Amino acid sequence: MLSLKNVKKSYDGTPVLKGISLDIEDGEIVSILGPSGCGKTTLLNLILGIIEADEGQILFNGKDLTNVPMEKRGFNIVFQDYALFPNLNVYQNITYGLRNKPGISTQEEVDDLIRLLGLEEHLNKRSGQLSGGQKQRVALARTMVMKPKILLLDEPLSALDGVIKESIKDRIRTIAKEYNLTTIIVTHDPEEALTLSDRVMIINDGQIAQFGDPEEIISKPENGFVQRFILNQLEIKKNNIYKLFAGQFQAQMQVS
């Protein structure tokens, strides 16, 4: 279990996170959702260990990681821009981290992951020959061969569209469940969060506005901000999640 206890962070005297407390269960997919500037990326960086908290604790399976450096936490991240090495082919990108830690994954485990992500036919290609969805799958594979204790994803679907986006969602869900891997996703998109996650945490102005499963957030928003943010964003997109929860949306809107 990952636990945050009253975590606070400020930049130049301006509070960004104002006391975040939460528990994330092993194998759970959690999305951190909120408008630009709400503190969600700062929270992701605190968990990863890129930056340090001003106050509070970060614990994993009971061990205090608050002052443990990033490289010793055992977490790993897939960045929004994939960060693939253009001079290496797909297979070399996937196995790059194993050069320094060759015992982490066996050849069989690497091959299984390549099959799981459907990358067999792309192994000899360079990143410039790949689509956005293929690059995302390579970035996932490169991270997974290092067997992270927690997988962090920064806007993993923002550059993808339609069928490709749905395919990557399925891959992320499959990986999380098959490996019982705690997965934390930062996104600004309610549709992504509500259709991909076991639970969604909505942040507003550096505080948790609501943390619950998708159905709960849709049917029982805890405050006006949650209701406005979810409904307005989904109304703008007019996508399939609106149809999925149409009855609940209409009932909630009538109450308001």
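Visitor: What are the ground rules?
Guide: The model is predicted, so local features need pLDDT of at least 70, side-chain atom pairs count only at pLDDT 80 or more, and totals for chains, interfaces and linings use all residues. Residues are numbered from 1 along each chain as its sequence is written, and side-chain values use heavy atoms, without hydrogens and water.

Visitor: Which residues of helix H3 are buried?
Guide: Buried means under 20% relative accessible area, with a 1.4 Å probe and protein chains only. Helices are DSSP runs of H or I, at least four residues; strands are runs of E, at least two; both are numbered from the N terminus. In H3 (residues 107-116), Val110, Leu113 and Ile114 are buried.

Visitor: In what order do the 4 strands of the open sheet run?
Guide: Two strands pair if DSSP finds at least two bridges between them. The order is E2-E1-E4-E5, with antiparallel pairing. E2 (14-24) and E5 (63-64) stand at the edges. Each has a single partner strand, so one side of each lacks a neighbour in the sheet.

Visitor: Is Thr187 buried or exposed?
Guide: Thr187 is buried, at 0% relative accessibility. Thr187 belongs to strand E8 (residues 182-187).

Key: Buried < 20%, exposed > 50% of the residue type's maximum accessible area, 1.4 Å probe, protein only.
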